[in-house]
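Subject: Structure for your review

Dear colleague,

Please find the structure below, handed over for your own work. My findings follow it.

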Amino acid sequence: MSTQNEELEMFRDTVVRFFKDNVEPHYEQWEKDGIYPKDLYLQMGEAGLLCVDMPEEYGGIGAPFAFSCVVVEEAARMGYLALASNLTVHSDIAAPYILHLGTEAQKQKYLPKMATGECIGAIGMTEPGAGSDLQGMKTSATADGDDYIINGSKTFITNGQHAGVVVLATKTDPKAGAKGTTLFTVDTSLPGFKRGRNLEKAGLHSADTSELFFDNLRISRDEILGRVGGGFGHLIDELPRERLVLAVSAVAHAQGALEKTIDYVTERKAFGQPIASFQNTRFVLATCKTDIEVHRAFVEKCTQQYADNTLDVPTAAMIKLATTEMEGRVTDACLQLFGGYGYMTEYPISRYWADARIQRIYGGTSEIMKEVIARSLVGR
Amino acid sequence: MTAADPQMSDSMAAELADWRDTILRFLADEVEPHYEQWERDGIVPKSLYRKMGDAGLLCVDAPEAYGGSEAPLEFSFAIAEEAARLGYMSLVTNVMMHSDIVVPYITHLGTEAQKQKYLPRMISGEWFGALAMTEPGTGSDLQAIKTTALPDGDGYRLNGSKTFITNGQNADVVIVAAKTDPSGGAKGTTLFLVDTNLPGFKRGRNLEKVGMHAADTSELFFDDVRLGHDAVLGRLGGGFGHLIDELPRERLMLAVAAVAHAEGALERTIAYVTERKAFGQPVASFQNTRFELARIKTEIEVTRAFYEKCCRLYAEGRLDVPTAAMIKLATSDMEGRVVDACLQLFGGYGYMTEYPISRYWADARVQRIYGGTNEIMKEVIARSLVGR
Ligand SMILES: Cc1cc2nc3c(=O)[nH]c(=O)nc-3n(C[C@H](O)[C@H](O)[C@H](O)COP(=O)(O)OP(=O)(O)OC[C@H]3O[C@@H](n4cnc5c(N)ncnc54)[C@H](O)[C@@H]3O)c2cc1C
Ligand SMILES: Cc1cc2nc3c(=O)[nH]c(=O)nc-3n(C[C@H](O)[C@H](O)[C@H](O)COP(=O)(O)OP(=O)(O)OC[C@H]3O[C@@H](n4cnc5c(N)ncnc54)[C@H](O)[C@@H]3O)c2cc1C
């Protein structure tokens with residue numbers, strides 16, 4: 001355990017150094033551009049920061065889950081939440097889907113390239129008309145000989161502009177409800193695949209959240225991911241990990257905001273004394289710290305449960321709900337302590353605040369988390 | 001719906017209703033088609049202010065003698081209210097700064113010559129105004145400002161810098177708070193009317209912000225700007241007192257905008273959740289949504305009642321400093337909670353720039369900071385309760 005801890009901390013140093021050298025100097029520009037260069041993924045792949053818990057045979061290093069979390073954690077703590085979210089989708093959502101559900105051929109086709117960063121992964125579930133209610137999705141995959149023909153559109157897709165493979169949720173049997181849902185691995189070089197706009201957002205600017213279109217896209221049966229009609233069950237199986245990784249980023253992001261705020265209020269003076277000397281400031285910091293530590297303990301417990309395969313769906317919903325709400329409170333309180341500077345783009349705290357807002361919405365909204373938790377208590 | 005006091009006559013109520021129509025028509029014709037572009041540009045074109053002046057929408061409560069229409073305060077508030085409700089918060093702050101802060105400073109404190117020089121041009125929109133108190137090193141603690149205007153021959157030399165100045169790029173005249181007697185503490189502060197075409201005046205960056213993008217919040221620099229005695233606004237050394245006298249109106253204005261902005265966010269949210277379906281039913285049909293809307297509406301109405309009461313107190317000259325601090329604190333906090341809850345009800349769309357609710361949310365954030373932070377409001381209120 002202690003050698004693993006040492007290794008983990010060494011790995012953390014590598015990650016931090018990588019972000020300092022390769023992200024920090026460019027991040028503001030990427031935020032303006034609304035995207036970061038594809039090269040970054042190649043660099044990260046080379047540095048061994050992508051899909052780190054993937055087995056070695058597929059290009060990973062077979063590290064424990066905690067190592068993968070460290071990448072997201074440090075990106076979030078340093079205030080690169082757009083990067084953290086894109087990495088989460090790639091390394092902690094898309095790749096595990098393929099690893100857990102894919103055929104050997106699918107794994108060989110996608111995973112090694114995902115680990116090197118040559119192929120970036122996305123998850124296509126949300127549609128313009130269906131977000132919380134995924135059963136309401138309309139994208140169809142109709143059998144045609146040995147192939148399927150996919151038609152429809154998706155929106156809000158993280159990594160949408162850069163994606164080389166999309167784990168796509170479709171209806172193979174529109175009449176069968178949840179049971180008619182099937183996942184595909186869609187290679188984005190296929191004819192009929194089209195990227196739409198890279199959407200402008202209130203924050204998370206450098207995440208390429210995009211529309212995707214599928215126009216009579218012909219795809220082989222070999223690209224079915226998991227069971228035909230089993231899509232919904234697969235989504236549910238993968239949710240705990242997704243929500244746990246969001247929670248990891250939420251706590252780290254709040255932690256980073258607090259660190260930056262502590263530095264600021266210690267430096268900045270008003271009425272001849274440091275802002276940190278006012279009792280209100282001290283108590284707000286104390287509240288934020290407590291809020292973070294309580295939630296960190298819950299994340300650690302859930303991480304252990306996930307490792308033991310005992311993290312259930314309601315608990316995963318609780319961790320996502322609790323940590324993202326905490327993150328919202330903390331980043332809001334931190335921004336306030338910066339006064340007018342907190343509202344200026346050049347002060348990263350403004351980005352912590354604006355970026356944090358999405359965490360209560362994606363990955364299942366806070367309301368949907370409450371529904372899931374409530375159902376486990378009193379049924380439907 | 002209005003800031004009206006219950007004693008308002010029928011004829012005035014009718015006039016106010018017509019006035020709101022005029023405002024709404026102007027906003028629909030001249031603002032709506034361009035606002036998104038201005039948000040991208042980070043500034044509103046100056047020509048808009050000229051158009052507002054032509055339409056009689058600037059400084060409407062200014063004295064007739066200088067070209068104003070001496071309308072009751074409600075008419076001035078109606079502009080901020082309607083623009084805030086529609087989500088043009090940058091425009092609201094810019095125009096409020098001009099019409100409801102800078103111009104009243106001049107009407108209340110200016111000499112006849114200053115009024116003659118500035119008011120007609122400001123009412124017509126030919127000239128635009130700004131108020132510069134904050135400096136890089138000090139915001140909440142205004143006594144610590146370092147900008148100096150030291151006596152020199154038959155005038156002053158202004159040196160220093162200001163930051164976060166609303167209308168900084170578009171301003172033709174800036175009321176600058178400076179130390180005329182650096183050893184005199186609060187008593188050494190004097191206000192000056194500084195024309196921006198004077199040698200030594202320089203505009204700095206138009207600062208990028210997390211919201212309020214079309215407000216040209218800027219740095220200003222003064223490098224040996226020569227000012228005559230006729231540039232002093234109000235009493236020499238009386239700057240601090242003047243600032244304090246004008247605060248209640250400023251804070252009341254912020255409250256007007258806060259309440260109307262929250263109302264606008266609620267209206268847009270009601271429209272959205274009624275339309276948008278999830279699980280085969282309107283989002284408005286979920287009990288959580290209904291209760292959120294109910295809570296938001298109640299918060300707005302409670303705060304609105306307080307604000308209407310404060311408007312009456314102000315009209316009667318009885319709005320005191322702690323109450324003005326309470327109204328600023330209460331309304332801007334409420335606004336923050338409301339826009340956050342509204343955005344949430346839009347799901348992912350709430351985070352997209354093309355949905356105005358995202359702008360309501362980002363714009364509202366600064367209201368708890370400028371015009372005196374909410375911590376400073378609490379200090380002011382607490383002092384009225386238990387002293388220093
Ligand atoms: C930046 C960003 C990145 C994203 N990345 C991805 C991605 O990579 N892949 C992907 O597939 N999706 C992605 N999404 C989509 C995201 O998961 C959805 O936006 C989210 O699930 C909500 O769906 P919706 O936007 O359609 O909101 P809606 O479902 O329309 O919800 C609107 C409101 O109604 C509430 N509501 C819905 N149902 C109920 C109920 N039963 N009871 C009470 N309240 C309810 C919601 O909580 C919300 O407040 C992303 C979104 C964003 C903004
Ligand atoms: C968009 C925008 C527009 C603006 N427009 C103008 C303008 O037109 N003209 C102008 O002059 N200024 C303007 N300002 C400046 C604004 O008024 C100041 O930012 C504000 O007063 C806070 O000052 P500060 O930023 O220096 O924060 P600081 O004073 O440094 O405060 C930092 C933190 O410490 C807290 N704090 C300070 N003192 C105490 C205390 N005694 N007890 C407890 N907590 C305390 C504050 O509340 C804040 O949380 C604008 C600001 C913004 C962001």
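The notes below go through the chain interface, some helix packing and several individual residues. Please bear in mind that this is a predicted model.

**Interface between the chains**

The size of an interface is often given as the accessible area lost when the parts come together. Here, the area buried between chain A and chain B comes to about 3,900 Å², and carbon and sulfur atoms give 55% of that area. Chain A contributes 46 residues to the contact, and chain B contributes 46 residues. On the chain A side, the residues that lose the most area to chain B are Gln336(A), Tyr343(A) and Arg357(A), which together account for 20% of what that side buries.

**Helix packing in chain B**

Two helix pairs were examined. Helix α5 (residues 89-109) of chain B and helix α6 (residues 112-124) of chain B have axes that come within 10 Å and cross at roughly 160°. Because angles over 145 degrees count as roughly antiparallel, α5(B) is roughly antiparallel to α6(B). The contact draws on His98(B), Val102(B), Val103(B), Ile106(B), Thr107(B) and Leu109(B) from α5(B), and on Gln114(B), Lys115(B), Tyr118(B), Leu119(B) and Met122(B) from α6(B). By class, the residues in the contact of α5(B) with α6(B) are seven nonpolar, three polar and one charged. The crossing of α5(B) past α6(B) is left-handed.

The second pair is helix α1 (residues 10-31) of chain B with helix α3 (residues 46-54) of chain B, whose axes are 12 Å apart and pack at an angle of about 150°. That angle makes α1(B) roughly antiparallel to α3(B). Here α1(B) passes α3(B) in a right-handed crossing. Phe26(B), Glu30(B) and Val31(B) of α1(B) meet Leu48(B), Lys51(B) and Met52(B) of α3(B). The contact of α1(B) with α3(B) has four nonpolar and two charged residues, with no polar ones.

**An enclosed helix**

Helix α10 (residues 356-364) of chain B is largely enclosed by the rest of the structure, because eight of its nine residues are buried. The buried residues are Ile357(B), Ser358(B), Arg359(B), Tyr360(B), Trp361(B), Ala362(B), Asp363(B) and Ala364(B). Their cover includes α10 (348-356) of chain A, along with α2 (35-41), α4, α5, α7 (239-275) and α9 (321-345) of chain B.

Glu74(B) belongs to helix α4 (residues 73-85) of chain B. Glu74(B) counts as buried, because its relative accessibility is 14%.

**Individual residues in chain A**

Most residues other than glycine have a negative phi. Cys51(A), which is not a glycine, has a positive phi of about 45°. Cys51(A) sits in the loop between α3 (39-46) and α4 (65-77) of chain A and is buried, with a relative accessible area of 1%.

Phe156(A) also has a positive phi, near 60°, and is a residue other than glycine. Phe156(A) is found in strand β3 of chain A, and at 17% relative accessibility it counts as buried.

Thr155(A) lies in strand β3 (residues 147-157) of chain A and counts as buried at 6% relative accessibility. Leaving aside residues up to four places away in sequence, Thr155(A) touches Thr126(A), Glu127(A), Pro128(A), Leu199(A), Ser210(A), Glu211(A) and, from chain B, Tyr349(B).

With kind regards

Key: Residues numbered from 1 in each chain as written. Chains lettered and ligands numbered in written order. Predicted model: local features only at pLDDT ≥ 70, side-chain atom pairs only at ≥ 80, totals over all residues. Heavy atoms only, no water. Helix = DSSP H or I, 4+ residues; strand = E, 2+ residues; numbered from the N terminus. Buried < 20%, exposed > 50% of the residue type's maximum accessible area, 1.4 Å probe, protein only. Axes fitted to C-alpha atoms, helices over the stretch in contact; angles between N-to-C directions. Parallel < 35°, antiparallel > 145°, perpendicular 65-115°, else oblique. Left-handed = near helix turned anticlockwise from the far one by under 90°. Contact = heavy atoms within 4.5 Å. Nonpolar A, V, L, I, M, F, W, Y, C, P; charged D, E, K, R; others polar. Buried area = accessible area lost by both parts, 1.4 Å probe.
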